[in-house]
Amino acid sequence: MALNRRKLAIVGMAALLLSGCAAQDNGYVEKLQQTYTQLDGFTAQVKILSDLGQSTLEYSGHFAYNREGTDILTLEAPEAVAGIQISVSGIQGENLTVQYADTVLDSGQPARTGLTPADAIPLLLDAVRLDAPLETWEESVGGTKMVAARYETEDAYGRIMRQVWFSRDSLRPAYAELYADGERVLQVFFREFEE
């Protein structure tokens, strides 16, 4: 069953890339970088799904982004980790530091920078701010007009792809998918976004 789910995710991703949402820029590459370079900070409620193949772990909490300082994720669920604060500072993986308040959040998979529930959001936002996406396109999701962007990087273990959907009007993140070597490992949902 897990194999079928993976195949379905890969087929869905390929269909999205090959569908009428052909690669377009429409000025979004520059707009995204400019928006996140100028954005000092924001808060949002987040939900993170970590797909471990055999099972999926779900975390939710309050995320505070601070472009010049430390990002803080305060976990609210599951109940066993509620109240734990994870502070993340640094950018681009090489100098990233993750600190936990007397607890370690285990994703159940080998630690791979930028692909754990603890550090996925900060490195995702750094990619939006610092890197040019390989492609951008417009699409409607549930009747809402969105801009999607795809970022790819390589690390010692292979290829990492991040796809992010932003509200077209505000360019605020709504949803993201993170892939390791073609397999989706994390999904991130943003809501109640406030600057």
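Residues are numbered from 1 along each chain as its sequence is written, and side-chain values use heavy atoms, with hydrogens and water left out. Because the model is predicted, local features need pLDDT of at least 70 and side-chain atom pairs count only at pLDDT 80 or more, whereas totals for chains, interfaces and linings use all residues.

Both D126 and R129 belong to helix α3 (residues 120–130), where they are three residues apart, about one turn of the helix; helices (H or I, at least four residues) and strands (E, at least two) are DSSP runs, numbered from the N terminus. An α-helix has 3.6 residues a turn, so residues three or four places apart point the same way. Side chains of opposite charge can pair when their charged atoms come close. D126 counts as buried at 5% relative accessibility, and R129 is buried too, with a relative accessible area of 13%, where buried means under 20% relative accessible area, exposed over 50%, and partly exposed in between (1.4 Å probe, protein chains only).

A search of the whole structure finds 10 salt bridges. One of them joins the side chains of R159 and E152 at 3.5 Å, N to O, and here R159 is partly exposed at 29% relative accessibility, as is E152 at 31%. R159 and E152 are also linked with E135 and R150 in a network of salt bridges. In another pair, the side chains of R184 and E177 meet at 3.3 Å, N to O; R184 counts as partly exposed at 27% relative accessibility, whereas E177 is buried, with a relative accessible area of 10%.

Strand β8 (residues 158–167) pairs with β9 in the antiparallel sense over seven bridges, two strands being paired if DSSP finds at least two bridges between them, and E177 in β9 is the bridge partner of Q163. The two strands β8 and β9 form a hairpin with five residues between them, and L171 in the turn has a positive phi of about 60 degrees. Strand β10 (residues 183–194) also pairs with β9 in the antiparallel sense, over six bridges, with F189 in β10 as the bridge partner of Y175. This second hairpin, of β9 and β10, has two residues between its strands, and D181 in the turn has a positive phi of about 50 degrees.

The largest nonpolar core has 39 residues, and those with the most contacts inside it are L32, F63, I121 and F166; such a core is a set of buried Ala, Val, Leu, Ile, Met, Phe, Trp, Tyr and Cys residues joined through side-chain atoms within 4.5 Å. Helix α3 gives the most to this core, with six residues. A second, separate core of five residues includes M146, A148, W165 and Y175.

How values were computed. Salt bridge = Lys/Arg side-chain N within 4 Å of Asp/Glu carboxyl O.
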